[in-house]
Amino acid sequence: MKKILDLADIRVVEFAALTKVSKATVHNWIKGTPIGTELVRDQVETLISRIQAAVKDGKLPLKDAVGRERLRILKVILQ
């Protein structure tokens with residue numbers, strides 16, 4: 001997970017917002033703590049797949065977006 005987030009230049013706080021969990025939870029996942037329920041695990045795996053596709057397609061990493069605009073653009077790209 002850490003590798004693809006780094007490659008896509010997605011910050012922990014952004015991934016937490018995208019998955020609707022706390023930053024601490026994302027840090028735990030990165031450290032290897034299992035992702036809780038099957039539903040959340042499926043959602044995270046789908047999001048990671050979308051991030052990988054966006055990197056492959058050249059949509060990520062974002063170059064110039066900052067702050068809330070950056071999160072808004074990420075949500076559009078990854079929907």
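Leaving out residues up to four places away in sequence, Thr-19 touches Val-26, Trp-29, Val-44 and Leu-47, where contact means heavy atoms within 4.5 Å. Before I go on, this is a predicted model, in which local features need pLDDT of at least 70, side-chain atom pairs count only at pLDDT 80 or more, and totals for chains, interfaces and linings use all residues. Residues are numbered from 1 along each chain as its sequence is written, and side-chain values use heavy atoms, with hydrogens and water left out.

Thr-19 lies in helix 2, residues 12-19; helices are DSSP runs (H or I, at least four residues), numbered from the N terminus. Is Thr-19 buried or exposed? Its relative accessibility is 15%, so Thr-19 counts as buried, the cut-offs being under 20% relative accessible area for buried, over 50% for exposed and partly exposed in between, with a 1.4 Å probe and protein chains only.

Now the packing. Two packed helices are described by the angle between their axes and the distance between the axes. Helix 2 and helix 4 have axes 11 Å apart and pack at an angle of about 125 degrees. Axes here are lines fitted to C-alpha atoms, for helices over the stretch in contact, and angles run from 0 to 180 degrees between N-to-C directions. On the helix 2 side, Phe-15, Leu-18 and Thr-19 meet Val-44, Leu-47, Ile-48 and Ile-51 of helix 4.

Helix 5, residues 67-77, is another partner: its axis and that of helix 2 come within 11 Å and cross at roughly 50 degrees. That makes helix 2 oblique to helix 5 as well. Glu-14, Ala-17 and Leu-18 of helix 2 make this contact with Arg-70, Leu-71, Leu-74 and Lys-75 of helix 5. Glu-14 is buried, at 7% relative accessible area.

Last, the core. The largest nonpolar core has 22 residues, and Ile-10, Phe-15, Ile-51, Leu-60 and Leu-78 have the most contacts inside it. Such a core is a set of buried Ala, Val, Leu, Ile, Met, Phe, Trp, Tyr and Cys residues joined through side-chain atoms within 4.5 Å. Helix 4 gives the most to this core, with 6 residues.

Technical notes:
Helices (H or I, at least four residues) and strands (E, at least two) are DSSP runs, numbered from the N terminus. Angles under 35 degrees count as roughly parallel, over 145 as roughly antiparallel, 65 to 115 as roughly perpendicular and the rest as oblique.
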